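Welcome, and thanks for taking a look at this one with us. Have the sequence and the model open side by side as you read.

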Amino acid sequence: MKRRTFLGATTASLAATQLAGPAHATSSTAGPTAGQYTVVARFWGSMPTGVTVSRQGRIFVNFPRWGDDVPFTVAELRQGKPVAYPDAEVNREDASDLAGHFQSVQSVVVDPADRLWILDTGNPLFAGSSYGGPKLAVDLRTDRIVRKILFPPEVVPSNSYPNDVRFDLRRGAEGMAFITDSGGSNGVIVVDLATGRSWRRLTGRPSVLPDEQFLPIIEGEPLMVRPADGEPTYYETGSDGIALSADGKRLYYSPLSSRRLHSVATDALADPDATDAEVAATVEDHGFKPMADGLESDDKGRLYGGDLEHNSIWCRNPDGTYRTLAQGTDLIWVDTLSVASDRHLYATANQLNRMSLFHEGEDLRRKPYLLVRLPIDAGPVRLV
């Protein structure tokens with residue numbers, strides 16, 4: 001079986017199983033279930049990936065355009081229901097105005113200054129992107145998009161997939177952003193927020209690549225790309241999860257198709273004049289971690305992720321030991337995690353492994369998708 005990536009897999013199997021109906025969610029007032037997590041919202045429409053929470057407790061989510069019916073790709077939860085954010089018009093997919101509309105948002109992140117950043121892949125259905133599609137857009141407490149940073153093709157080529165982003169606002173004049181690229185050759189993208197200049201690092205390096213012939217067991221079944229009319233292939237996606245250390249000195253990252261954790265020196269990443277070899281020389285191998293999609297960190301030096309093979313959420317302590325924080329049969333594919341000012345960890349569970357891509361064209365997802373939270377007695381990393 002030849003090496004394949006999720007982002008390069010046949011998109012027809014995604015588009016063929018579009019889910020009808022608008023995005024919709026309901027909140028829950030039920031108390032913690034086994035494992036001490038509470039369901040914050042249940043989504044009955046589009047499939048969510050990202051979540052973030054402002055200091056005032058406003059919750060934002062996003063829905064990438066992977067084949068579902070996605071009337072809006074960014075939303076704020078209001079009274080338990082997702083509402084297009086900042087408005088319906090900017091969420092309208094428009095190939096004639098790539099920079100003026102959200103095409104397919106993968107992540108939403110509130111930065112240490114309490115600004116909402118929106119990471120648009122510009123790549124609906126993984127069909128490839130063009131200049132103006134992939135971008136960072138920020139709202140500065142006015143519920144308006146007041147700034148956009150576009151990525152040049154040499155930094156984000158058409159086969160890229162900007163996945164998740166973290167911020168250190170102490171660097172440079174206005175701070176820097178670090179983004180994982182899960183498509184193309186994989187790597188890390190660095191953005192100077194003052195100038196909008198961006199550059200790539202670690203492209204194609206072993207630490208950002210998926211493990212060869214990686215074969216996880218999820219819900220009792222080997223996870224492979226299984227087209228309706230072809231041979232199964234390995235599910236191999238590279239650099240995905242990303243988290244900054246509490247002191248900002250290290251950027252942790254991991255391929256999705258892997259049980260490995262690495263970090264790299266942020267000083268090296270943030271230096272636009274450093275060579276890729278010089279950056280790679282600062283990479284550290286932290287050994288085993290459970291298979292996880294997103295990563296997150298807190299101000300006590302701990303890392304968090306979902307264990308996709310065991311329907312659970314884990315914590316990595318500063319000494320490198322792991323412990324399970326929550327486990328439940330409804331924690332199916334924990335995707336994005338976010339530490340909030342209310343000292344809770346929020347996470348989406350979106351059943352990605354049940355998509356038709358992995359089941360010969362049959363969509364096995366069963367709504368609702370979930371947004372959960374659990375107490376962690378720690379706050380977010382704020383490098384400002």
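A polar contact here is a pair of N or O atoms within 3.5 Å, and within protein one must be able to donate a hydrogen and the other to accept it. Keep in mind that this is a predicted model.

**Asn350 and its surroundings**
- The side chains of Asn350 and Asp335 make such a polar contact, at 2.9 Å.
- You will find Asn350 in the loop between strand E28 (344-349) and E29.
- Asn350 counts as buried because its relative accessibility is 0%.
- Leaving aside neighbours within four places in sequence, the contacts of Asn350 include Met47, Pro48, Trp333, Asp335, Arg365 and Tyr369.

**Nonpolar cores**
- The largest nonpolar core has 33 residues, of which Tyr235, Trp333 and Leu371 touch the most other members.
- Strands E2 (38-43), E3 (51-53), E4 (59-62), E5 (74-78) and E29 (369-375) each supply at least two residues of this core, and E2 gives the most, with three.
- Beyond its neighbours within four places in sequence, Leu371 is in contact with residues including Val39, Ala41, Phe43, Val51, Ile59, Leu77 and Tyr346.
- A second, separate core of 20 residues has Tyr253, Ala265, Ala268 and Leu269 among its members.

**A four-stranded open sheet**
- Four strands line up antiparallel in the order E7-E8-E9-E10.
- E7 (105-110) and E10 (145-150) stand at the edges with a single partner strand each, so one side of each has no neighbour in the sheet.
- From one strand to the next, the twist averages 20 degrees.
- Antiparallel strands E8 (residues 116-120) and E9 (residues 135-139) are joined by five bridges, and Ile118 has Ala137 in E9 as its bridge partner.

Methods
Residues are numbered from 1 along each chain as its sequence is written. This is a predicted model: local features need pLDDT of at least 70, side-chain atom pairs count only at pLDDT 80 or more; totals for chains, interfaces and linings use all residues. Side-chain values use heavy atoms; hydrogens and water are left out. A nonpolar core is a set of buried Ala, Val, Leu, Ile, Met, Phe, Trp, Tyr and Cys residues joined through side-chain atoms within 4.5 Å. Buried means under 20% relative accessible area, exposed over 50%, partly exposed in between (1.4 Å probe, protein chains only). Contact means heavy atoms within 4.5 Å. Two strands pair if DSSP finds at least two bridges between them. Axes are lines fitted to C-alpha atoms, for helices over the stretch in contact, and angles run from 0 to 180 degrees between N-to-C directions.
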